Amino acid sequence: MEKLSLRRSARQDSENIEKLVYDYYYQLVPVIDGFSKEEELVCKKIVDKDGRIIAGCGGYIYPWGCMYVDDMWVDENYRRQELGSHVLQAVERVAEERGCHIIWLGTWDFQAKPYYEKNGYKVFAAIKDSPKGHTDYDLYKRLDKNPPKRKCKPIDYQILDGNEDDEDYICEQLDDGYNAQYITPVHEYIKINRKLVDKDGKVVAAIMAGINDIDIGWIWKIWVDEEYRHQGLGTLLVKHFEKKAKEKGATKILSEEIYDWNIGFFLNNGYKVAGELEDLPKGHSFYIVEKDL
């Protein structure tokens with residue numbers, strides 16, 4: 001095999017790699033009719049008389065007819081009034097109206113697992129020590145199975161459509177307010193994107209990865225040019241990332257958006273399945289994998 005050089009990836013490299021990965025995925029499983037390759041934000045909010053957001057929920061619709069709920073937050077002065085249930089159900093209704101067949105989300109042990117279960121969600125993954133001392137849960141609901149709706153008591157507020165700025169605000173309030181009571185960030189996100197280039201500078205393989213602010217390593221995307229596959233380049237990049245992540249204090253590595261067509265690669269590299277979500281995309285399985293360092 002020709003000699004390749006390992007280099008840091010620039011932002012443009014990462015953008016190109018992400019496109020190549022998804023182009024390959026959509027060759028295997030085409031985008032469902034009526035959906036777009038671009039993620040679609042769905043945000044619902046409740047505001048007080050001064051226009052300040054006091055509750056909100058944001059999710060994203062993806063090309064295979066599914067939605068991920070990214071965050072839900074209620075101001076502490078307005079909790080236990082079912083505002084959260086109303087915005088969550090409003091987001092779910094949009095997913096149903098758009099034709100999504102499944103919806104999933106994540107929550108920590110100190111957040112809202114019992115609440116989501118009360119609203120019809122089921123756990124499919126439980127990741128211990130993510131971060132240390134806590135468990136990270138992933139739950140799902142099948143929208144195509146006509147799940148029963150939990151009846152919520154009426155509220156004296158109107159549910160409004162939100163935008164990207166509103167979603168950012170909801171996320172910030174959740175992270176900097178509620179979550180900060182339980183988890184203390186130890187550093188900023190550490191990006192460890194790497195690429196392998198040939199003698200002409202052409203990128204032939206790349207990994208998009210990093211360490212989040214609570215010392216959990218994440219592998220976001222791995223790509224190897226078709227001509228260079230089955231030569232160990234993906235494994236080389238993963239091992240390099242694992243070494244760097246451990247040196248910088250990461251305790252665990254996670255990866256999601258793993259499917260039945262590439263789960264074998266991760267299993268062969270010592271990762272274990274933390275959870276499997278069937279029928280995402282339809283006829284296939286979505287996996288979350290983990291590896292302790």
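How many helices and strands does the protein have? In this predicted model, in which residues are numbered from 1 along each chain as its sequence is written, local features are reported at a pLDDT of at least 70 and side-chain atom pairs at pLDDT 80 or more, while totals for chains, interfaces and linings use all residues. Side-chain values rest on heavy atoms, with hydrogens and water left out. The protein has 6 helices and 15 strands, where helices (H or I, at least four residues) and strands (E, at least two) are DSSP runs numbered from the N terminus.

With regard to overall dimensions, the C-alpha atoms of the protein fill a box of roughly 70 × 45 × 30 Å along the principal axes. Among contacts (heavy atoms within 4.5 Å) with a separation of 6 or more, 66% are accounted for by residues 24 or more positions apart.

Helix α2 spans residues 83–98 and contains 16 residues, reaching 23 Å from its first C-alpha to its last, close to the 22 Å expected at 1.5 Å a residue; the expected span is 1.5 Å times one less than the number of residues. Because 12 of its 16 residues are buried, α2 is largely enclosed by the rest of the structure. The buried residues of α2, including L83, G84, H86, L88 and V91, pack against the strands β2 (40–47), β3 (53–62), β4 (66–74), β5 (102–108) and β7 (135–142), as well as against helix α3 (113–118). Just after α2, G99 takes a positive phi of about 95°.

Strand β5 is likewise largely enclosed by the rest of the structure, because 6 of its 7 residues are buried. Two strands are taken to pair if DSSP finds at least two bridges between them. On this basis β5 runs parallel to β4, to which 4 bridges join it, and antiparallel to β7, with 7 bridges between them. Residue L105 of β5 stands opposite V69, and L105 also stands opposite L139 in β7. Together, β4, α2 and β5 make a right-handed β-α-β unit, meaning that, with the strands pointing away from the viewer, the path from the first strand over the helix to the second runs clockwise.

In helix α1 (residues 11–28), which contains D13, this aspartate counts as buried because its relative accessibility is 16%. Leaving aside neighbours within four places in sequence, D13 is in contact with K195 and V203.

A disulfide is a covalent bond between the sulfur atoms of two cysteines. With a disulfide taken as a pair of cysteine sulfur atoms within 2.5 Å, the count comes to 0. C100 is accordingly in no disulfide, the nearest cysteine sulfur being that of C66 at 6.6 Å, and C152 is likewise in none, with the nearest cysteine sulfur, that of C57, 12 Å away. Both cysteines count as buried, C100 because its relative accessibility is 5% and C152 because its relative accessibility is 14%.

Methods
Buried < 20%, exposed > 50% of the residue type's maximum accessible area, 1.4 Å probe, protein only.
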